[in-house]
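Welcome! Have a look at the structure below, and then work through the exercises with us.

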Amino acid sequence: KDRAALRAEAHHLDVTVHVGQHGLTDTLLQSLNDALEARELVKVQLGRNAPVTVKEAAGQLAEQVGAEVIQVIGRKTTLYRYNTDLERKADGKPPWR
């Protein structure tokens, strides 16, 4: 999908995954992976005590789960990974709506 269209869609999303003081743990990666499988487009928020910067975290998370960084704004980043196995809605709306 077009990056600008995905950024527009991400504007209305709630944060799905939170990165806390323990950073990028295996549990966090599994939660992110599950969220990407279910929704494709996921918003991630880093806490103030997170041991990495938002840009570093976005790059590392995207690399480790095979996703694409759509945007980084403030302490939030949005990741996208297309899922061929995900059932599409009959009305054509994306799975994150």
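**Exercise 1.** Find the residue just after helix 3 that takes a positive phi, and say what its value is.

Solution. Just after it, Gly66 has a positive phi of about 70°. Keep in mind that the model is predicted, so local features need pLDDT of at least 70, side-chain atom pairs count only at pLDDT 80 or more, and totals for chains, interfaces and linings use all residues. Residues are numbered from 1 along each chain as its sequence is written, and side-chain values use heavy atoms, leaving out hydrogens and water.

**Exercise 2.** Work out which residues of helix 3 are buried and which are exposed.

Solution. Step one: buried means under 20% relative accessible area, exposed over 50%, and partly exposed in between (1.4 Å probe, protein chains only). Step two: Val54, Ala57, Ala58, Leu61, Ala62 and Val65 of helix 3 are buried. These cover an arc of only 125° around the axis (taken from the directions from the helix axis to the C-beta atoms), so they lie on the same side of helix 3. Step three: Lys55 and Glu63, on the other side of helix 3, are exposed.

**Exercise 3.** Find the partner of Glu68 in a salt bridge.

Solution. Look for a side-chain nitrogen of Lys or Arg within 4 Å of a carboxyl oxygen of Asp or Glu. Glu68 pairs with Arg3, their closest N and O atoms being 2.6 Å apart. This links distant parts of the chain, strand 3 for Glu68 and helix 1 (residues 3–10) for Arg3, 65 residues apart.

Note on methods:
Helices (H or I, at least four residues) and strands (E, at least two) are DSSP runs, numbered from the N terminus.
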